Amino acid sequence: MYWSGVEKALGTARGKRPHLDSNVPFECYTSFREPLGRVASCWDYRGFRAFAGDNISAITPAKFREYLAEGMNSYDEGCNNEPLRLLSDSGRAEEKVNKLTSGTGGEPWCDADGWALDAAATLERTLAHLTEHCVVGVLERCEDTKASVEFFFPWLAASFDCGVHLNKYSGSAHSDLTRSEEAEIKHQNRLEYMAYDVANRLLDAQLEVVAAARRPAGQHNFVA
């Protein structure tokens with residue numbers, strides 16, 4: 001669900017129900033995945049291998065950089081910065097989100113570090129939406145995520161099973177990437193790495209809330 005879609009739905013609700021003000025509450029759950037593995041998996045799942053056959057490592061570094069920044073599948077979707085695509089208000093601007101940190105520093109639309117001129121602001125809006133409205137999960141921390149989801153959304157508990165893996169890749173999603181390609185993915189997804197770090201911190205904070213709520217009355221944790 002794109003953030004712009006959430007805003008539109010809330011606006012429609014306010015139009016039909018005037019008593020709802022601009023701060024009408026809603027709940028959000030979103031999961032994060034370590035960006036390198038996510039981008040490599042996206043490359044397979046969204047069909048980007050068609051650009052260069054079956055072997056991603058056969059692409060030259062220059063072509064890989066270009067495909068990562070410019071490549072779109074048949075639904076006009078890229079693979080960079082997925083959390084910012086979904087949680088920022090720029091989510092429908094696919095080319096913009098896909099190129100937030102893909103510059104080399106010499107383009108007119110980016111700064112000396114290769115960041116788009118509004119990259120930092122897009123990240124700021126993403127994190128604001130994430131921290132104010134969402135319960136966060138992390139794929140690599142399934143049991144922690146399950147504990148959080150079971151507490152905040154208990155009606156989902158029965159369907160949350162860390163032993164079930166859907167759409168699982170048959171091998172390592174990025175086992176055939178070269179080191180330079182891994183570095184390029186990290187370069188073009190620097191904002192996602194920042195968001196991933198925040199997501200892990202939020203999950204830690206959620207687990208503290210869960211632990212405090214389940215602690216017997218009168219019991220406190222003291223640091224010696």
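In this predicted model, asparagine 81 lies in the loop between α3 (61-70) and α4 (82-87). The relative accessible area of asparagine 81 is 0%, so this residue is buried. The backbone of asparagine 81 also stands out. Its phi is near 55°, a positive value in a residue other than glycine. Most residues other than glycine have a negative phi.

Residues up to four places away in sequence aside, asparagine 200 touches Val138 and Arg141.

Helix α9 spans residues 190-214 and packs with helix α6, residues 119-133. The angle between the two helices is about 20°. Their axes are 11 Å apart. Angles under 35 degrees count as roughly parallel, and α6 and α9 are therefore roughly parallel to each other. The crossing of α6 past α9 is right-handed.

The contact draws on residues of both helices. From α6 come Ala119, Leu123, Leu127, Leu130 and Thr131. These meet Leu191, Met194, Ala195, Val198 and Leu202 of α9. Nine residues of this contact are nonpolar, one is polar and none is charged. Thr131 belongs to the α6 side of the contact, while Leu202 belongs to the α9 side.

Definitions and conventions. Residues numbered from 1 in each chain as written. Predicted model: local features only at pLDDT ≥ 70, side-chain atom pairs only at ≥ 80, totals over all residues. Heavy atoms only, no water. Axes fitted to C-alpha atoms, helices over the stretch in contact; angles between N-to-C directions. Helix = DSSP H or I, 4+ residues; strand = E, 2+ residues; numbered from the N terminus. Parallel < 35°, antiparallel > 145°, perpendicular 65-115°, else oblique. Left-handed = near helix turned anticlockwise from the far one by under 90°. Contact = heavy atoms within 4.5 Å. Nonpolar A, V, L, I, M, F, W, Y, C, P; charged D, E, K, R; others polar. Buried < 20%, exposed > 50% of the residue type's maximum accessible area, 1.4 Å probe, protein only.
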